[in-house]
Amino acid sequence: MVRECKSLEPCILISLVVALVHRISPSSTSSSSSSLPSFSNPFCPFASLSLPSLSSSPSSSSSTAAVVAVSTSSSPSIASSSSPSSSSSPSPSPSADDDANGQVLKPFTTLQTAVARNMLECIKVPVFNVAMDIETDRFDAFVLKKLRSTHPDVTITVALAKAVAIALKSHPIMFSSCAPDLSGAYYHRDVNIALAVAMPGGGLITPVLRSVDSVDIFQLGRQWADLVRRARNKQLKPEEYSTGNFAISNLGMYGVDSFTAILPKGMAAILAIGSSKPKLVVLPNKDSKVDGVELATSIGVRRVMRVCLTADHRVVYGSDAAEFLRTLKSIIEKPEQIVLQL
């Protein structure tokens with residue numbers, strides 16, 4: 001008899017645990033003990049329990065981060081008090097998960113969390129902005145009709161990166177970085193350009209084209225196509241997205257006229273590029289000059305792109321930024337340089 005009682009003690013304890021679990025579950029408060037769920041193994045009620053994925057990968061981190069739900073095939077989830085009836089769906093349902101204010105929290109992915117934290121660090125740097133309009137008729141025709149016809153990997157983005165790199169070599173302060181102790185600026189030998197790429201599911205990443213100033217544009221096109229493909233498949237190595245010393249953010253393909261970009265930590269400048277659109281411009285008359293200045297005598301339509309530079313004011317001054325943009329403008333408006341400069 002004593003032996004039988006000892007063997008029943010674990011079962012009694014297990015039954016008490018199950019009863020307690022269903023007593024605190026909001027959806028089971030009205031159920032009687034006769035409606036307790038049946039488990040695949042009656043002597044081990046937790047044998048068939050399954051925990052949600054806790055992977056830190058961006059694709060799985062959209063599940064509710066503040067709640068770890070314990071569920072069975074026949075029983076509701078046990079969630080924290082902040083979400084009494086948490087749904088098992090990765091995307092929260094407003095009708096099911098609204099709080100008293102009618103709002104629902106959709107957790108960040110791992111990548112989005114990293115971007116958010118990095119943005120807080122970035123805004124600690126004192127910056128200023130300088131913008132300039134650049135005509136792109138010749139540039140667009142040169143890239144899209146001449147280069148892409150034989151080299152489809154040479155996109156507008158790649159060609160712009162090449163033009164920027166050529167301009168940067170004439171203005172090395174623009175791809176320097178401020179020393180953490182404010183003792184000076186570090187100058188870099190190679191131009192490594194980070195280009196922002198939106199990621200499926202949210203967030204962005206900045207694959208880096210290395211040595212853009214010395215690599216020919218056709219090789220850059222192949223490298224960029226490979227970087228974008230692997231970035232969206234989450235296959236980049238850390239050194240392929242963390243070694244840039246100048247950044248470009250291009251929203252021109254979305255029809256954006258202009259915008260300012262947040263300066264990444266550790267860089268002296270970032271260039272925000274808007275779309276190229278037809279605009280009315282004043283055309284100079286080369287045959288009519290006063291004191292060496294061409295007089296405007298007519299109005300025409302040209303494709304114009306606005307670029308806006310955000311710079312670290314600890315190392316870059318207004319005149320530095322203006323001179324860099326003027327050099328970039330001259331290169332884009334005479335685009336043959338992006339192929340001749342090797």
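This is a predicted model: local features need pLDDT of at least 70, side-chain atom pairs count only at pLDDT 80 or more; totals for chains, interfaces and linings use all residues.
Reader: How do α4 and α5 pack, then?

Author: The axes of helix α4 (residues 137-147) and α5 come within 10 Å and cross at roughly 120°, which makes α4 oblique to α5. Helices here are DSSP runs of H or I with at least four residues, strands are runs of E with at least two, and both are numbered from the N terminus. Axes are lines fitted to C-alpha atoms, for helices over the stretch in contact, and angles run from 0 to 180 degrees between N-to-C directions. Angles under 35 degrees count as roughly parallel, over 145 as roughly antiparallel, 65 to 115 as roughly perpendicular and the rest as oblique.

Reader: Which residues make that contact?

Author: On α4 they are F139, D140, V143 and L144, and on α5 they are I156, A159 and L160, where contact means heavy atoms within 4.5 Å. By class there are 6 nonpolar, no polar and 1 charged residues in the contact of α4 with α5; Ala, Val, Leu, Ile, Met, Phe, Trp, Tyr, Cys and Pro count as nonpolar, Asp, Glu, Lys and Arg as charged, and the others, Gly among them, as polar.

Reader: What about α5 against α6?

Author: Helix α5 (residues 156-169) and helix α6 (residues 217-232) pack at an angle of about 125°, with their axes 10 Å apart, and that makes α5 oblique to α6. T157, V158, A159 and K162 of α5 meet I217, L220, G221 and W224 of α6, a contact with 5 nonpolar, 2 polar and 1 charged residues.

Reader: And how does α7 sit on α5?

Author: The angle between α5 and helix α7 (residues 318-332) is about 130°, with the axes 9 Å apart, and the two are therefore oblique to each other. The α5 side of the contact consists of L160, A163, V164, I166, A167 and L168, and the α7 side of F324, T327, L328, I331 and I332. This contact of α5 with α7 has 10 nonpolar, 1 polar and no charged residues.

Reader: Changing topic, what volume does the largest pocket have?

Author: Its volume is about 1,000 Å³.

Reader: What lines the largest pocket?

Author: α3 (110-122), β4 (193-195), β5 (197-198), β6 (204-205), α6 and β8 (246-250) each supply at least two residues of the lining, with the largest share, 5 residues, coming from α3. The lining residues of the largest pocket divide into 25 nonpolar, 9 polar and 2 charged.

Reader: Last one: where are S211 and K234, and what is the phi of each?

Author: S211 is in the loop between β7 (208-209) and α6, and its phi is near 50°, a positive value in a residue other than glycine. K234 lies in the loop between α6 and β8, and has a positive phi of about 60° although it is not a glycine.

Definitions and conventions: Residues are numbered from 1 along each chain as its sequence is written. Side-chain values use heavy atoms; hydrogens and water are left out. On a 1 Å grid over the protein atoms alone, a cavity is a set of points where a 1.4 Å probe fits but cannot get out, and a pocket is an open set with protein on both sides within 12 Å along at least five of seven lines; lining residues have an atom within 4 Å of a point. Grid points are joined across faces, edges and corners, and a volume is the space filled by probe spheres set on the points.
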